[in-house]
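Here are my notes on the model you sent. Please read them with the coordinates open.

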Amino acid sequence: MTVIYDNNTDHEFEFASDDFVRELVSKTCEILECPYEVSVSVSVVNEDEIHRLNNEFRDIDRATDVLSFPMNEYDAAGVFDGDTFEASLTTDPDTDELMLGDVIICAQKVKAQAEEYGHSEKREFAFLVVHSLLHLCGFDHIEDSDRLVMESKQKEILDLLGINRF
């Protein structure tokens, strides 16, 4: 497993975020029964940068908490086979790892949302990373039925890591 983690801000988290990201990626892939070794990039940026990226890639002119850029397409959420997946399968030529994609997290939003929801920055950070990893694995929340599946999977992963909301 390759996790490229980069905090591009001055914000110091109250936990070892680089080790924590690796744990989150590992547990998410384990729960999804991903048959591949994976590669993923997780970057922490400031509000101005995530605003710029959100505007550039989603045509939404405001900051957001997290952005996900998947490298693969899926026949079904969290299913690592099928025609669509096989046709889009992106692996690192050097390591043969499945390249999941990129996660971009806004440091200020982690802090603000943790305060707003009354839980730790660690819990908010974990939620955003797991949420994005699920997007990288084909999950979405546009339809209510898909949202319920995604929320259930998020909760399962966070519960198994002992990361509770309060």
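The points below cover the basis of the model, then charges, rings and backbone.

1. Basis. This is a predicted model; local features need pLDDT of at least 70, side-chain atom pairs count only at pLDDT 80 or more, and totals for chains, interfaces and linings use all residues. Residues are numbered from 1 along each chain as its sequence is written, and side-chain values use heavy atoms, with hydrogens and water left out.

2. The whole structure holds 8 salt bridges (a side-chain nitrogen of Lys or Arg within 4 Å of a carboxyl oxygen of Asp or Glu). One of them joins Arg52 to Glu49, at 2.7 Å from N to O. Both residues sit in helix α2, 3 residues apart, about one turn of the helix. Helices (H or I, at least four residues) and strands (E, at least two) are DSSP runs, numbered from the N terminus. Arg52 is partly exposed at 42% relative accessibility; Glu49 is partly exposed at 26%. Here buried means under 20% relative accessible area, exposed over 50%, and partly exposed in between (1.4 Å probe, protein chains only).

3. Arg147 and Glu151 pair at 3.1 Å, N to O. They are 4 residues apart in helix α6 (residues 144–160), about one turn of the helix. Arg147 is partly exposed at 28%, and Glu151 is partly exposed at 36%. Lys153 bridges to Glu156, with the closest N and O atoms 3.4 Å apart. About one helical turn separates Lys153 and Glu156, because they are 3 residues apart in helix α6. Glu156 is partly exposed, at 34% relative accessibility. Salt bridges that share partners also make a network, joining Glu49, Arg52 and Glu56.

4. Negative patch. Which residues gather in a patch of negative charge on the surface? They are Asp75, Asp81, Asp83 and Glu86. Patch members have over 30% relative accessible area and no salt bridge; like charges are joined within 9 Å, nonpolar side chains (Val, Leu, Ile, Met, Phe, Trp, Tyr) within 5 Å. Asp83 belongs to helix α3 (residues 83–88). Its relative accessible area is 69%, so Asp83 is exposed.

5. Aromatic pairs. A whole-structure search gives 10 aromatic pairs. Rings of Phe, Tyr and Trp (its six-membered ring) pair if their centres lie within 6.5 Å; planes under 30 degrees apart count as stacked, over 60 as edge-to-face and the rest as tilted. Phe57 and Phe69 are edge-to-face, at 5.2 Å centre to centre and 70 degrees between the planes. Phe57 is in helix α2 (residues 47–58) and Phe69 in strand β3 (residues 66–70), so this pair ties together parts that are 12 residues apart in sequence. Phe57 is partly exposed at 48%, and Phe69 is partly exposed at 23%. Elsewhere, ring pairs link Phe13, Phe15, Phe20 and Phe125 into a cluster.

6. Most residues other than glycine have a negative phi. Where does Glu33 lie? Glu33 is in the loop between α1 (17–31) and β2 (38–45), and has a positive phi near 55 degrees. Glu33 is exposed at 67% relative accessibility. Asp59 also has a positive phi, near 55 degrees. Asp59 is in the loop between α2 and β3 and is exposed, at 67% relative accessibility. Please look at the backbone of both residues.

How values were computed:
Accessible areas come from the Shrake-Rupley method with a 1.4 Å probe; for residues, only the protein chains shown count as cover. Lys and Arg count as positive and Asp and Glu as negative; His and the chain ends are not counted. The place of a charge is taken as NZ of Lys, CZ of Arg, CG of Asp or CD of Glu.
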